[in-house]
Amino acid sequence: MQRNLFSSGRILLVESDAPFRRSLENGVKRAGYSFDSCSTCDQARRLAEAFRYSVCVVEYHLRDGNGARLVAELKNAQANLRTVLISFYDLEWISRDVVPVADVFLKKPFDLLDFERILESLTSAVRSQALMRGISNTLDQTPAPILREGVL
């Protein structure tokens, strides 16, 4: 897979299982993204106060809380945040919590190449939104052209 060495933004990984978290970290690192990782809701909240993230990847069942509720909190604080919820549970069991807040749901175990493709898709969407905001801001600051009446 083409690595995203020039990606913008930062990724937050929240996964309580240390070996699985290391696998995710390795995949994100291989893909060239900047990231932070942690294992609890409390740690994720503190990181989200310190850094702005483009994408967060959150396990549904965390030791100190519900990942879907955490994602909702993070999205309330940052409206353009893209989210991936991951779980061993089937989506049908947790859909009531997950569907309203997650952009993507992945059932564990999943292929790391698929995970990297999803990250690329979500970070591309974030970059596109930022570009459109930049163009819009530039247009707002550009003076309107002066129209002159002409005689034919």
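Lys 108 is located in the loop that runs between strand β7 (104-107) and helix α5 (112-141). The model described here is predicted. In this model the relative accessible area of Lys 108 is 3%, and the residue therefore counts as buried, the cut-off being under 20%. The side chain of Lys 108 forms a polar contact of 2.9 Å with the side chain of Glu 15. When neighbours within four places in sequence are left aside, the residues in contact with Lys 108 are Glu 15, Phe 20, Glu 59, Ile 86, Ser 87 and Phe 88.

Helix α2 comprises residues 41-50 and helix α3 residues 67-77. Two packed helices are described by the angle between their axes together with the distance between those axes. For α2 and α3, the angle is about 10 degrees and the axes are 11 Å apart. Because angles under 35 degrees count as roughly parallel, α2 is assigned as roughly parallel to α3. On the α2 side the contact is made by Cys 41, Ala 44, Arg 45 and Ala 48, and on the α3 side by Leu 70, Glu 73 and Leu 74. By class, these residues comprise 5 nonpolar and 2 charged, with no polar residue.

Within α3, the buried residues include Gly 67, Ala 68, Leu 70, Val 71 and Leu 74. Viewed down the axis of α3, the buried residues fall within an arc of 155 degrees, so they line one face of the helix. An α-helix has 3.6 residues a turn, so residues three or four places apart point the same way. Arg 69 and Asn 76 are exposed on the other side of α3. Leu 70 and Leu 74, buried in α3, also take part in the contact with α2. The N-terminal end of α3 is capped by Asn 66, a side-chain oxygen of which lies 2.7 Å from the backbone nitrogen of Ala 68.

Leu 47 is placed in helix α2. With a relative accessible area of 18%, Leu 47 is buried. Not counting residues up to four places away in sequence, Leu 47 touches Leu 12, Asp 36, Ser 37, Cys 38 and Tyr 53.

Terms used. Residues numbered from 1 in each chain as written. Predicted model: local features only at pLDDT ≥ 70, side-chain atom pairs only at ≥ 80, totals over all residues. Heavy atoms only, no water. Axes fitted to C-alpha atoms, helices over the stretch in contact; angles between N-to-C directions. Helix = DSSP H or I, 4+ residues; strand = E, 2+ residues; numbered from the N terminus. Parallel < 35°, antiparallel > 145°, perpendicular 65-115°, else oblique. Contact = heavy atoms within 4.5 Å. Nonpolar A, V, L, I, M, F, W, Y, C, P; charged D, E, K, R; others polar. Buried < 20%, exposed > 50% of the residue type's maximum accessible area, 1.4 Å probe, protein only. Polar contact = N/O pair within 3.5 Å; in protein donor to acceptor, adjacent residues only side chain to side chain. Arc of directions from axis to C-beta.
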